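Here is a walk through a protein complex, taken one step at a time. Keep the sequence and the 3D view side by side as you read.

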Amino acid sequence: MRCAEIFGLGLLGSYLPYMLEGAIWTFALVGGGLTLGFAMGVPFAILRVYGGKGAKAAIDAYVWVYRSIPLIVLLFLYYWGIFPVILGVKLSAMATSILALGTRDAAYETMIFRAALESIDPGQMLAARSLGMTRWQAVRTIVLPQALRIAIPGWTNQYAIMLKDSSICFALGVLEILTRTRYVTISIGSYFIPYLIAGILFIILTYGGTKVFNIVYEKVQIPGLVGGK
Amino acid sequence: MVTLEILAISMPISVLLGIALGTARVYGNVIIRGIASAIVITFRGFPVLVTLLLIFFGLSDFGIYVPPFWTAVIGFILCSGSYQSEYVRGAIRSIDIGQSLAARSIGMTKLQEVLYIILPQAVRRAFLGITNELIYLVQYSSLAFVVGVPEMFAVTKTFNSLYFRPVETFTTLAVVYLVMISVLVVFFRGIERRLAIPGIELTTK
């Protein structure tokens, strides 16, 4: 068939498992990035809300800078600049990508978690303090458990965004979905179908992952509280 | 300069596409709604890079050649427009149904109602979301390098491979984006204030 010839469909079939394997790397990027973003974003947000003037200014500066630099620029700055030249460490493309995704995500997660913290009635803080709790105790045992739940939809969004952004790490040669798809297109000499499959794969992973986050959101809800039923 | 050219064309058109897609998904008939939904789901779901590669390399399977510059422009319009349309759609939905009824009861046609009553409010409500997407678009414009457009990132990359001063070159580029985006944010906030109608709650911050 001429059509099959054009799209190189016969060859594509044998390359499909290789493309799908990229999903493992994509998930490693997203998992690593989100974890780092979370680990940085939550303390940043707490500092931004409860910290002193200096801490607030520093966090604002971080968020401003990291929300303005395109991921590709950050990747190259880290991979060719900051780590090898300034810090003198040779990091793998994978590790650099996770660091870039994570430090950038931290800025967005700070915003999300800050909004969650601020959405909690200040009266609760006053009540906790009047019971004799220290400020930190009140934050840790009263405010955080609620804020973490409220922030889940925001993080779900970040997952969807980072999943797609992780494809940009192809620029460093990380073997995620898009990098592999490019190799496949080159070796079979046709482009449309492989890229279409990659795009659909990203859509499926977005919806699948979002479902998982939604299930978690439902599961951890506390009836009667903000975000609860 | 190429970055600015790409943005100058794709930003305004993407806003128009966003408004059109968002409106179509609320007011269109089954077919129009279906087409608009398909466009939005596809281009919100695909990473920008996949969209660009599909337009540039994918269409070449069919003998269609889209020049790199226009690949970037079309890709960014489709992608950003789809994201923006979600804000427009949400904003239209948030407007009290009573306004539609009132407009129709004073003799406006459906088209008049949407154009003169609903959209002026909806676009203001969606403004913050739309401008956020435009700011992302500035960042994503750096991905046009993938189809060979000589925009800022591509030029910086070439410059770096000539002189190999990665820290200086990429930091400079980062600062350029920082300034560009900061200027844009201030500009958008200015427009937002000008568009505000006293007494009508437009954006929820």
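Start with the model itself: it is predicted. Chain A puts 38 residues in contact with 37 residues of chain B. Together the two chains bury about 3,300 Å². Carbon and sulfur atoms account for 76% of that area. Look next at A:Lys164, A:Phe192 and A:Tyr195. These three supply 16% of the area that chain A buries against chain B, more than any other three residues.

What kinds of residue does chain A bring to chain B? By class, its side has 28 nonpolar, five polar and five charged residues. Salt bridges between chain A and chain B number zero. Polar contacts do occur: eight residue pairs, with both residues at pLDDT 80 or more.

Now trace where chain A touches chain B. Seen by element, two or more residues each come from helix 1 (2-7), helix 3 (53-66), helix 4 (71-87) and helix 5 (93-118) of chain A, among others. Further along chain A, helix 8 (152-165), helix 9 (177-188) and helix 10 (192-219) also give two or more.

Turn to helix 3 of chain B, residues 48-56.

Key. Residues numbered from 1 in each chain as written. Chains lettered and ligands numbered in written order. Predicted model: local features only at pLDDT ≥ 70, side-chain atom pairs only at ≥ 80, totals over all residues. Heavy atoms only, no water. Contact = heavy atoms within 4.5 Å. Buried area = accessible area lost by both parts, 1.4 Å probe. Salt bridge = Lys/Arg side-chain N within 4 Å of Asp/Glu carboxyl O. Polar contact = N/O pair within 3.5 Å; in protein donor to acceptor, adjacent residues only side chain to side chain. Helix = DSSP H or I, 4+ residues; strand = E, 2+ residues; numbered from the N terminus. Nonpolar A, V, L, I, M, F, W, Y, C, P; charged D, E, K, R; others polar. Buried < 20%, exposed > 50% of the residue type's maximum accessible area, 1.4 Å probe, protein only.
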